[in-house]
Amino acid sequence: MDRRIYGGSAVTNLILFLPFFFSSSASALSKNLNPSSGSGQINSNSVLVALLDSRYTELSELVEKALLLQTLEDAVGRHNITIFAPRNEVLERDLDPEFKRFLLEPGNLKSLQTLLMFHIIPTRVGSDQWPSEDPGRVKHITLANDHLHLIKGDGKKMVDSAAIIRPDDLTRPDGLIHGIERLLIPRSVQEDFNRRRSLRSISAVLPEGAPEVDPRTNRLKKKPAPAPAGSPPALPIKSAMAPGPSLAPAPAPGPGGKRHHFDGEAQVKDFIHTLLHYGGYNEMADILVNLTSLATEMGRLVSEGYVLTVLAPNDEAMAKLTTDQLSEPGAPEQIVYYHIIPEYQTEESMYNSVRRFGKVRFDTLRFPHKVAAKEADGSVKFGDGERSAYLFDPDIFTDGRISVQGIDGVLFPEMEEVVESVKKPVKKVVQPRRGKLLEVACRMLGAIGKDASYFTKCR
């Protein structure tokens, strides 16, 4: 009796449930087949496909790194969009390396997504829809829930502070792309970057103070003397350098201790990448990359608190080097060492020095040779004669620790001066002093009168 009642209730429940099941399945199926749904696949004629295959490769790579493809697919499925795409040069060379490093850190993914969605508005706005008045402003909300202003002023179409350089560059049925001259940075991302940078400087490990050096033995004392934070290293840079490219680096003398206050390796990588993006200095960058001991040595010195100025010859100057100049063992290292000054100099500071003092001689990492600089033709000229070079591209890279100055020639030390300085004392010492002593001795013997014949012989 109970089983029959139970079975009957189950069948009744099933009959009652079937209409709801079929109705819900039909609605879900119709939703999936709806072309306007964001979960469907993107058409090959979509504006997103055009962005990934366009000239804006740097922006499309950032979109992929920010994991925004699915979000943009949903946005395109719901409505038309307008993308303001910065040109590649802005993201490759003009962007602050520290800000770019901040965006690419995994912990700052939210900031990168906000930055990219700030360049997209969920409305189709063609170049003919800009404000007609001069000046005029129209506000649009972005996918980052912020606002962009379309402005027309001085005969230019602008979005906020960026000018439109390629209006309607790519047009598709579901959106279009305008090329802009610079990156648009929302205030929230800028504030997040400033906050992270200030927190990092506050929480950084302060230098412990450089050890005290005994001037008599040029060795470190057992008890390090306290030094204020950020003070320069006590050891001269010559003592801190590695003995040779094939030997292990010397012990770290600077303020960092086990945890360095400066990330020298990252700074060296930054300036090498800057040389490559700047253009015209590929040979110098290639030497630094292939001769890993040089890049490692420079990074270690910067980590320990030293500052460096690199005089980088351009590709035309490096191409003039002969096989004999590069064939000797260690020749490329010695050439580069002669182009590194253990001071932080900018184009302005060097020009002011040569204008004030005439000829200035800077120390180099190729001890004991120095490189001479003087003012010429309104610029700084290094070296003399045929082996001279002008400051050609000033301040290619300046971050407070490493300064890179482009020059139009390869410098070599003046070997002749070193040889002559050794020979000159030899000529002055031997001959005259011996003749003078003999003459004085003969005069003394003659005056005493003990040996007149000997005096005559001496005469």
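Q: Which residues of helix H11 (residues 282-290) are buried?
A: An α-helix has 3.6 residues a turn, so residues three or four places apart point the same way. In H11, the buried residues are Met284, Ala285, Ile287 and Leu288. They lie on the same side of H11 because they cover an arc of only 155° around the axis. Buried means under 20% relative accessible area, with a 1.4 Å probe and protein chains only; the arc is that of the directions from the helix axis to the C-beta atoms. Helices are DSSP runs of H or I, at least four residues, numbered from the N terminus.

Q: What kind of model is this?
A: This is a predicted model, where local features need pLDDT of at least 70, side-chain atom pairs count only at pLDDT 80 or more, and totals for chains, interfaces and linings use all residues. Residues are numbered from 1 along each chain as its sequence is written, and side-chain values use heavy atoms, with hydrogens and water left out.

Q: How many cavities of 30 Å³ or more does the structure hold?
A: A cavity is a set of points, on a 1 Å grid over the protein atoms alone, where a 1.4 Å probe fits but cannot get out; lining residues have an atom within 4 Å of a point. Its volume is the space filled by probe spheres set on the points, which are joined across faces, edges and corners. The structure holds 1, and about 70 Å³ of space lies in the largest cavity.

Q: Which helices each supply at least two residues of its lining?
A: Helix H3 (57-65) and helix H7 (109-117) do. Among the lining residues are Leu59, Val63, Leu116, Met117 and His119.

How values were computed. Buried < 20%, exposed > 50% of the residue type's maximum accessible area, 1.4 Å probe, protein only. 1 Å grid on protein atoms, 1.4 Å probe; cavity = no way out; pocket = protein on both sides within 12 Å on 5 of 7 lines; lining within 4 Å.
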